[in-house]
Amino acid sequence: MQKRKKIIVLGATGSIGLNTLDVIRSHPDCFEAVALAALRSKEKCDALAAEFGAKAYVGEDAAVRAVTENDADICLVSTVGVSGIRPTLAAIEKGMDIALATKEVMVMAGELVTAEARRRGVRFLPVDSEHSAIFQCLAGGGERFVDRLILTASGGPFLDRPADLSSVTVAEALNHPRWKMGPKVTVDSSTMMNKGFEVLEARWLFDVPPERIDVVVHPQSIVHSLVTFNDGATLAQLSPPDMRVAIQYALTWPDRLASTREALDLAALGRLDFRAPDPGRFPCLRLVKEALAMGGCATAVLAAADEWAVQAFIDGRIGYTDIPRVVETCLEKAPRTDCSSIEQVFASSDWVFRYLETQWKR
């Protein structure tokens with residue numbers, strides 16, 4: 001690497017943020033954390049900032065302040081839900097490349113955000129293992145030859161559980177078999193809404209129509225995604241499940257750095273399994289397709305409704321199987337609007353939260 005890159009970490013106390021700081025900690029000659037932001041966890045954020053010699057920002061406006069008050073080469077965005085949009089736009093305006101982990105940025109405002117990034121000459125560097133895998137498979141300019149993108153999904157904790165999931169508890173939903181993530185992403189993984197969001201994210205990151213993006217269940221989480229090209233060749237990226245692999249590549253791109261992480265041993269692994277997702281078990285995948293077909297701000301409604309529903313489930317206000325019901329109800333009830341401005345995106349999100357807080361009944 002040619003120079004020490006300056007990094008802003010938004011969501012510094014969450015799983016992605018902590019793994020990013022671990023990467024920075026492992027390569028102090030390559031990276032410098034200049035600012036850390038967290039919604040809560042002030043003591044933890046302050047301690048991390050002291051360790052890295054970075055500025056700490058905590059609170060509702062922490063992410064935007066961290067971006068606007070500091071200069072950096074890369075802004076890593078790993079905040080929760082809709083809160084990632086404004087700091088992402090602020091970082092783009094300042095010309096920072098975006099290491100993106102917050103799916104809702106692309107789900108809710110993908111067309112607007114990617115257009116602004118192109119205008120400013122800003123790159124998106126995927127942090128999700130699935131999108132990082134595609135990014136790596138496309139290295140060397142393969143985008144124009146893509147036939148299909150294939151996103152892999154672990155299937156979460158309920159892949160083989162009997163189909164009636166009405167009795168699922170919060171603890172069960174948060175017990176992911178492969179990945180250690182924050183509560184919102186972990187619940188989304190169990191419903192496969194997370195994978196639906198990744199389809200939408202891939203659509204904007206790689207400019208591929210959603211009908212050419214597939215999902216396949218792969219419980220071992222070794223193959224992180226695949227790309228099929230127009231000549232019939234398929235490339236895949238494989239590694240043991242460790243979020244730091246994708247994070248480090250986002251920070252080092254276009255270079256790579258050596259690490260001491262576990263190497264892939266296919267002989268020891270023995271087998272790789274794949275299957276189609278069960279639409280009856282995972283209705284959120286259908287809801288993503290319906291939101292896409294509706295157009296306008298429907299995907300913003302989808303993401304906001306899911307954010308409300310997941311938090312309500314974690315708080316014990318609704319049941320697990322109410323999550324897709326909440327989302328479906330909002331898609332049916334929300335005003336149909338186009339999505340030509342960020343203000344319209346936020347207006348759709350605000351409508352969802354007002355509607356659900358005042359009118360939702362189980």
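**Pockets, sheets and packing**

Colleague: What volume does the second largest pocket have?

Modeller: Bear in mind that this is a predicted model, where local features need pLDDT of at least 70, side-chain atom pairs need 80 or more, and totals for chains, interfaces and linings use all residues. Numbering starts from 1 along each chain as its sequence is written, and side-chain values use heavy atoms, with hydrogens and water left out. A pocket here is an open set of points on a 1 Å grid over the protein atoms alone, with protein on both sides within 12 Å along at least five of seven lines; points join across faces, edges and corners, and volume is the space filled by probe spheres set on them. For the second largest pocket that comes to about 520 Å³.

Colleague: Which element gives the largest share of the lining of that second largest pocket?

Modeller: The lining (residues with an atom within 4 Å of a point) has 18 residues, and Phe124, Phe135, Glu143, Leu205 and Phe206 are the closest to the centre. Two or more residues each come from α5, β6 (124-126) and α9, where helices (H or I, at least four residues) and strands (E, at least two) are DSSP runs numbered from the N terminus. The largest share, four residues, comes from α5.

Colleague: And how much space lies in the largest cavity?

Modeller: A cavity is a set of points where a 1.4 Å probe fits but cannot get out, and the structure holds one of 30 Å³ or more. Among its lining residues are Trp179, His224 and Asp242. The space in the largest cavity is about 50 Å³.

Colleague: Is α4 roughly parallel or roughly antiparallel to α5?

Modeller: Angles run from 0 to 180 degrees between N-to-C directions, with axes fitted to C-alpha atoms, for helices over the stretch in contact. Helix α4 (residues 85-93) and helix α5 (residues 104-120) pack at about 10 degrees, with axes 10 Å apart. Under 35 degrees counts as roughly parallel, over 145 as roughly antiparallel, 65 to 115 as roughly perpendicular and the rest as oblique. So α4 against α5 is roughly parallel.

Colleague: How many nonpolar residues are in the contact of α4 with α5?

Modeller: Contact means heavy atoms within 4.5 Å, and on the α4 side Ile85, Thr88, Leu89, Ile92 and Glu93 take part. Ala, Val, Leu, Ile, Met, Phe, Trp, Tyr, Cys and Pro count as nonpolar, Asp, Glu, Lys and Arg as charged, and the others, Gly among them, as polar. The contact of α4 with α5 has one polar residue, four charged, and the nonpolar count is eight.

Colleague: Which strands stand at the edges of the four-stranded sheet?

Modeller: Strands pair if DSSP finds at least two bridges between them, and here the order is β8-β7-β9-β10 with mixed pairing in an open sheet. An edge strand has a single partner, so one side of it is left without a neighbour in the sheet. Those strands are β8 (213-217) and β10 (234-238).

Colleague: Which residue in β10 stands opposite Ser225?

Modeller: Strand β9 (residues 223-229) runs antiparallel to β10, and five bridges join the two. Opposite Ser225 stands Gln237.

Colleague: In the six-stranded sheet, which residue of β4 stands opposite Ile7?

Modeller: That open sheet has parallel pairing in the order β3-β2-β1-β4-β5-β6. Four bridges join β1 (residues 5-10) to β4 (residues 74-77). Ile7 stands opposite Ile74.
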